[in-house]
Every structure is written in structure tokens, then in C-alpha cells.
Amino acid sequence: MTLISARTATSARTAPREGRPAAREADGLAVASFVLGLLGLLVMNILLGPVAIVMAIVALTRSTARRGRALLGLALGVADLVVLAVLVTGNGTVSWSLAG
């Protein structure tokens, strides 16, 4: 193997693939859905829950490499809506407090 062909083979292995930006975007959506779903359990679950669900579904349809994180974001988004429903039916408000 000559030096030129070795360099070409090395650069072919390290060159970015064509579909990588879309996969990176899907990975970012998966992580964002997880973070928003987790944050939604504490604050603004009426807004962050549905956003986390939509972002997780989009990440899953775009075949993210972080499938587990997208599924967790989906589950946390649903949990946000369940917490919201419990709060609304329990005490008639969409807010909660640790003070009692």
C-alpha cells in the first residue's frame, strides 16, 4: 500500500457521513425531550409535557441513536400530563406547593 492510498483510506474512514446532521438533530431532540419532561414534573407541566411528547415522537421517527432517552422523554411528558390531571381534579388548581 502506498502512502497516498493509505492517506486516502484514512481520510475516507474519518470523513463525516452524509446523513449525520439529521441524526445529530434527532439526538438533540431526544435529549431535549428528556430534559423538558423532567423539568415539567416540577414547573410548567401544562406546557412542557406536550412539548416533550412531540419532541420525543419526532426524534423516534427520525431514528435517533438515543432511543432510550427519547422514550424516557416520552414517558416523562406523559407523566407531566398525569400530574397535571391529578392536580386539577384533586384541588382545582394547576399549581402545587411543598409547603402544604
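Visitor: Where is Val43 found?
Guide: Val43 sits in the loop between helix H2 (20-40) and H3. Keep in mind that this is a predicted model.

Visitor: Why is Val43 called partly exposed?
Guide: Look at its relative accessible area, which is 42%. Buried means under 20% and exposed means over 50%, so a value in between is called partly exposed. With 42%, Val43 gets that label.

Visitor: What makes up the nonpolar patch on the surface?
Guide: Val43 belongs to it, together with Leu39, Leu42, Met44, Ile46, Leu47 and Val51. Together they have about 640 Å² of accessible area. To get into a patch, a residue needs over 30% relative accessible area, and Val43 has 42%.

Visitor: Which helix gives the patch its largest share?
Guide: That's helix H3 (residues 45-61), with 3 residues.

Visitor: What makes Met44 stand out?
Guide: Met44 has a positive phi of about 50° even though it isn't a glycine. Most residues other than glycine have a negative phi. You'll find Met44 in the loop between H2 and H3.

Visitor: And what about Ser63: what is its phi?
Guide: Ser63 isn't a glycine, yet its phi is positive, about 55°. Ser63 is in the loop between H3 and H4.

Visitor: Why does Ser63 count as exposed?
Guide: The cut-off for exposed is over 50%. Ser63 has 59% relative accessibility, so it counts as exposed.

Visitor: How do you know that Asp27 is buried?
Guide: Buried means under 20%. Asp27, which lies in helix H2, has a relative accessible area of 9%, so it is buried. Its side chain reaches the backbone nitrogen of Ala65 at 2.9 Å.

Visitor: How far does helix H4 reach?
Guide: H4 (residues 67-91) has 25 residues and spans 36 Å from its first C-alpha to its last. That is close to the 36 Å expected at 1.5 Å a residue. Its buried residues are Ala70, Gly73, Leu76, Gly77, Asp80, Leu84 and Leu87. Just after H4, Gly92 has a positive phi of about 75°.

Visitor: Why is Val83 called partly exposed?
Guide: Val83 is in H4, and its relative accessible area is 27%.

Conventions
Residues numbered from 1 in each chain as written. Predicted model: local features only at pLDDT ≥ 70, side-chain atom pairs only at ≥ 80, totals over all residues. Heavy atoms only, no water. Patch = residues over 30% accessible without salt bridge, like charges linked within 9 Å, V, L, I, M, F, W, Y side chains within 5 Å. Areas by Shrake-Rupley, 256 points an atom, 1.4 Å probe, with all protein chains shown as cover. Salt bridge = Lys/Arg side-chain N within 4 Å of Asp/Glu carboxyl O. Helix = DSSP H or I, 4+ residues; strand = E, 2+ residues; numbered from the N terminus. Buried < 20%, exposed > 50% of the residue type's maximum accessible area, 1.4 Å probe, protein only. Expected span 1.5 Å × (residues − 1). Polar contact = N/O pair within 3.5 Å; in protein donor to acceptor, adjacent residues only side chain to side chain.
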